[in-house]
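Trainee: I am new to this structure and would like to go through it with you. Could we begin with how the helices pack?

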Amino acid sequence: MAGDSCLVCGGDGRIANSFGGGEKVCPACRGNGRRVEEALLRDVTKTKPSHYTNAAKAAAPAKATWPTTAAGGALANEVKASSLSEEAKARIVREIIEYEGSHGHCTQTFTKKVRRQLR
Ligand SMILES: [Zn+2]
C-alpha cells in the first residue's frame, strides 16, 4: 500500500544524497520504509486497549458509588427509599458495595442483615 510508505524515501528506506554521494539510510523511517506517523499510531492502538482496561479495573473499587450487581442495586434502592439518615444510607450502600467486592454478589443472609437495618 502506497499510503504506508515513508513520505521521505517513498518506502525504499534509502534516500539519494542530493550532492551525488550515493545513498544513505532514510532518517525519517530509519530504513524500514514505513511511514513514521503510521507506525506510531499502530503502536498506540496496540497498547491502548489493555492500558485502558487495566486503568478502569484499578480505578473501579475506589470510584464505585453504587453496587454493580442487580441484587445489590435493588438492595441499595431499598436503602435509599428508607427513612434512615443520608449518612446511614451512604454507609449501608458502601457496605453493600464492599460486600459485593469481596463476595462477588449479595447473599440472602447479607440482604436480610441490611433490610433489618432499614426498619
Ligand atoms: Zn523513509
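Predicted model: local features only at pLDDT ≥ 70, side-chain atom pairs only at ≥ 80, totals over all residues.

Trainee: Which residues make the contact of α2 with α4?

Mentor: From α2, the residues are Ala71, Leu75, Glu78 and Val79, and from α4 they are Thr111, Val114, Arg115 and Leu118. By class, this contact has 5 nonpolar, 1 polar and 2 charged residues.

Trainee: And α2 with α3: how do their axes cross?

Mentor: The axes of α2 and α3 cross at roughly 170° and come within 9 Å. The angle is over 145 degrees, so α2 and α3 are roughly antiparallel to each other.

Trainee: Which residues meet there?

Mentor: On the α2 side they are Gly72, Leu75, Ala76, Val79 and Lys80, and they meet Lys89, Ile92, Val93, Ile96 and Glu100 in α3. The residues of the contact of α2 with α3 divide into 6 nonpolar, 1 polar and 3 charged.

Trainee: Let us look at α2 by itself. What should its span be, and what is the distance between its end C-alpha atoms?

Mentor: Helix α2 covers residues 70-81, which is 12 residues, and at 1.5 Å a residue it should span 16 Å. Its end C-alpha atoms are 16 Å apart, so the two values agree.

Trainee: Which of its residues are buried?

Mentor: Gly72, Leu75, Ala76 and Val79 are buried in α2. They cover an arc of only 100° around the axis, so they lie on the same side of α2. On the other side of α2, Ala70 and Ala81 are exposed.

Trainee: What covers the buried residues of α2?

Mentor: The cover includes α3, residues 86-103, and α4, residues 108-118.

Trainee: You mentioned Ala81. Why does it count as exposed?

Mentor: Ala81, which is in helix α2, has 10 C-beta neighbours inside 10 Å and therefore counts as exposed. The cut-off for exposed is 12 or fewer. The C-alpha atom of Ala81 is separated by 9.3 Å from that of Leu118, although these residues are 37 apart along the chain.

Trainee: Now α3. How many residues has it, and how far does it reach?

Mentor: α3 has 18 residues, and from its first C-alpha to its last it reaches 25 Å. That is close to the 26 Å expected at 1.5 Å a residue.

Trainee: Which residues in α3 are buried?

Mentor: They are Ile92, Val93, Ile96, Tyr99 and Glu100. Their arc around the axis is only 120°, which puts them on the same side of α3. Glu87 and Ser102, on the other side of α3, are exposed. What covers the buried residues of α3 includes α2 and α4.

Trainee: What follows α3?

Mentor: Gly104 follows α3, and its phi is positive, near 85°.

Trainee: Which residue has a positive phi although it is not a glycine?

Mentor: Arg30 does, with a phi of about 55°. Most residues other than glycine have a negative phi. Arg30 is placed in the loop between β2, residues 23-25, and α1, residues 36-63.

Trainee: How many other C-beta atoms lie within 10 Å of Arg30?

Mentor: There are 13, so Arg30 is partly exposed.

Trainee: Changing topic to the strands: where does Glu23 lie, and what is it in contact with?

Mentor: Glu23 lies in strand β2. Leaving aside its neighbours within four places in sequence, Glu23 is in contact with Arg14, Ile15, Ala16 and Asn17. Glu23 counts as exposed because it has 12 C-beta neighbours inside 10 Å. C-alpha to C-alpha, Glu23 and Gly13 are 9.9 Å apart in space, and 10 residues apart in sequence.

Trainee: Finally, the whole chain. What secondary structure does the protein have?

Mentor: The protein has 4 helices and 2 strands. From the N terminus on, the elements run β-β-α-α-α-α.

Trainee: And how much of the protein is buried?

Mentor: Of the 119 residues in the protein, 13% are buried. Among contacts between residues at least 6 apart in sequence, 40% join residues at least 24 apart.

Technical notes
Residues numbered from 1 in each chain as written. Expected span 1.5 Å × (residues − 1). Buried ≥ 20, exposed ≤ 12 C-beta atoms within 10 Å, placed from the backbone. Arc of directions from axis to C-beta. Contact = placed C-beta atoms within 7 Å. Axes fitted to C-alpha atoms, helices over the stretch in contact; angles between N-to-C directions. Parallel < 35°, antiparallel > 145°, perpendicular 65-115°, else oblique. Nonpolar A, V, L, I, M, F, W, Y, C, P; charged D, E, K, R; others polar.
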